[in-house]
Amino acid sequence: MAARIVLFGATGHTGSRTAQALTTRGARPVLAGRDRGRLGPLATRLGGAAGPLETVTADVTDTASVRALVGPGDVLVTTVGPFLRLGEPAVAAAADVGAVYLDSTGEPPFLRRVFEEFGPRAERSGAVLLPAFGHDYVPGGLAGALALAEAGARAHRVDIGYALDGGRGQGFSRGTLVSLLGVALEPGFGWHGGRLAGEPTGARDWRFDAAGRTRRGLSVGGSEHLTLPALAPTVQEVGVYLDWFGPATSLAHRLAPVTPWLARVPGAPAGMTRLADLVGRRVAEAPTTGDGTRTHVVAEVRDAAGQRVSRVELSGPDPYAMTADLLAEGALRAAAGDVQGAGALGPVQAFGPAGLIALAATAGLTRA
Ligand SMILES: NC(=O)c1ccc[n+]([C@@H]2O[C@H](COP(=O)([O-])OP(=O)(O)OC[C@H]3O[C@@H](n4cnc5c(N)ncnc54)[C@H](OP(=O)(O)O)[C@@H]3O)[C@@H](O)[C@H]2O)c1
């Protein structure tokens, strides 16, 4: 019998899209959130002729309510963010009880905590933690793994570039904007000289071609840094870059070296939290660009002399559609017992290269 799937954050933008993606695939997830008044109508709408889906109330400020969501072997999907502020109770519950955990985070410091702090706890209980199982950072993990496999023992460095095309207006959801502001002053990381190293987000830039155009991406801590080196022992350098910042790219790059000092200015982190809350109250819950956006992800592997050895480019749909489909498909396959291993894992480690290619294709992510 397939395991129970619990979706925490079901009433949010990404959560409701993930709930829809699950029910479209025939699943009947348990919908969890803090607001019973919003869970009920969603459960009725998505439950269809078979009756409303089961709902459970849980609030991250009441950790017992979050612990009560999952039992051993359950699959917990969470889209409750910002994760740095709100994510710990859910990952701790899954890690300690021996559940499979998937989340939609893209926040580097939270990702690092999942791997370094909760991963060992999960290994002890047999839990599997799959953080950032959405647009950030499944495509880069897949493109990087394919490019590394093609490069073989010549692989010395791998760079991953994320590009977005199309759509005018508010390109990110309210939740994403609040999460981005919440980590603006937080330490980032990279993989240099064969080890994980702290560095400010945006400290490096990379020009790469995607979908026929040259882009300029800024560096960010991704799950690729934490998972790709294990696939290719010769790799000494891993870079992950986002081209999302348009005209603000140069300014963000120039300001990056001073963010560690800004973070130490008394009141600056609290001020950033207040700004994130203000933005959260002012912007629309959903992006206004619709589903017209396209994602392109490039992985390039170079040898020790800097010669390009392999290149893989993937294309996919709008990031929110892709995230909902990846979370839904990942949860269903985990519930069916398709995940291998224990602890905090990358997408390739959990599903294997062939399994991940098939899973990604169901979310519209394919080789360009
Ligand atoms: N990496 C990616 O590719 C990617 C893609 C999509 C989203 N994301 C991330 O996913 C997160 C959610 O984004 P979103 O657009 O869905 O945001 P959202 O619409 O604001 O949803 C946030 C969810 O968190 C819930 N929540 C807030 N405080 C809570 C609490 N104390 N206890 C329980 N639940 C609580 C909200 O419940 P209410 O409905 O009751 O307010 C809502 O369901 C963000 O961190 C975003 O950056 C990442």
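Modeller: Rings of Phe, Tyr and Trp, the last by its six-membered ring, count as a pair if their centres lie within 6.5 Å. By that rule, ring pairs link Phe172, Trp244 and Phe245 into a cluster. The model is predicted, and the structure holds 7 aromatic pairs.

One of them joins Tyr137 and Tyr162, an edge-to-face pair with 5.9 Å from centre to centre and 80° between the planes. The pair links distant parts of the chain: Tyr137 is in the loop between β6 (128-130) and α7 (138-151), while Tyr162 is in strand β7 (residues 157-165), 25 residues apart. Both Tyr137 and Tyr162 are buried.

Another pair, Trp206 with Tyr241, is tilted, with 5.5 Å from centre to centre and 45° between the planes. Trp206 belongs to strand β10 (residues 205-210) and Tyr241 to strand β12 (residues 237-242), so this pair ties together parts that are 35 residues apart in sequence. Trp206 and Tyr241 are both buried.

Ser223 is found in helix α9 (residues 223-227). Its relative accessibility is 3%, and because buried means under 20%, Ser223 counts as buried.

Now the wider setting. The protein has 14 helices and 16 strands. 7 of the strands form an open sheet with parallel pairing, in the order β3-β2-β1-β4-β5-β6-β15. At its edges are β3 (55-57) and β15 (343-344), each of which pairs on one side only. Within this sheet, β1 and β4 run parallel and are joined by 4 bridges. Val6 stands opposite Leu76 in β4.

The buried residues of α1 are His13, Thr14, Gly15, Thr18, Ala19, Ala21, Leu22 and Thr23. As for its length, the 12 residues of α1 (residues 13-24) should span 16 Å at 1.5 Å a residue, and the end C-alpha atoms are 17 Å apart, which agrees. Just after α1, Gly26 takes a positive phi of about 90°.

Of its 10 residues, 7 are buried, so α5 is largely enclosed by the rest of the structure. The buried residues are Pro89, Ala90, Val91, Ala92, Ala93, Ala94 and Ala95. Just after α5, Gly98 takes a positive phi of about 90°.

Last, the protein as a whole. Buried residues make up 53% of its 368 residues. Of the contacts with a separation of 6 or more, 75% are between residues 24 or more positions apart. A compact globule with 368 residues would have a radius of gyration near 21 Å, and the protein has 20 Å, which agrees. The C-alpha trace spans about 60 × 45 × 40 Å along its principal axes. The accessible surface comes to about 15000 Å², and 54% of that belongs to carbon and sulfur atoms.

Conventions: Residues are numbered from 1 along each chain as its sequence is written. This is a predicted model: local features need pLDDT of at least 70, side-chain atom pairs count only at pLDDT 80 or more; totals for chains, interfaces and linings use all residues. Side-chain values use heavy atoms; hydrogens and water are left out. Helices (H or I, at least four residues) and strands (E, at least two) are DSSP runs, numbered from the N terminus. The expected span of a helix is 1.5 Å times one less than its number of residues. Buried means under 20% relative accessible area, exposed over 50%, partly exposed in between (1.4 Å probe, protein chains only). Two strands pair if DSSP finds at least two bridges between them. The radius of gyration is taken over C-alpha atoms; the globule rule is 2.2 Å times the number of residues to the power 0.38. Contact means heavy atoms within 4.5 Å. Accessible areas come from the Shrake-Rupley method with a 1.4 Å probe; for residues, only the protein chains shown count as cover. Rings of Phe, Tyr and Trp (its six-membered ring) pair if their centres lie within 6.5 Å; planes under 30 degrees apart count as stacked, over 60 as edge-to-face and the rest as tilted.
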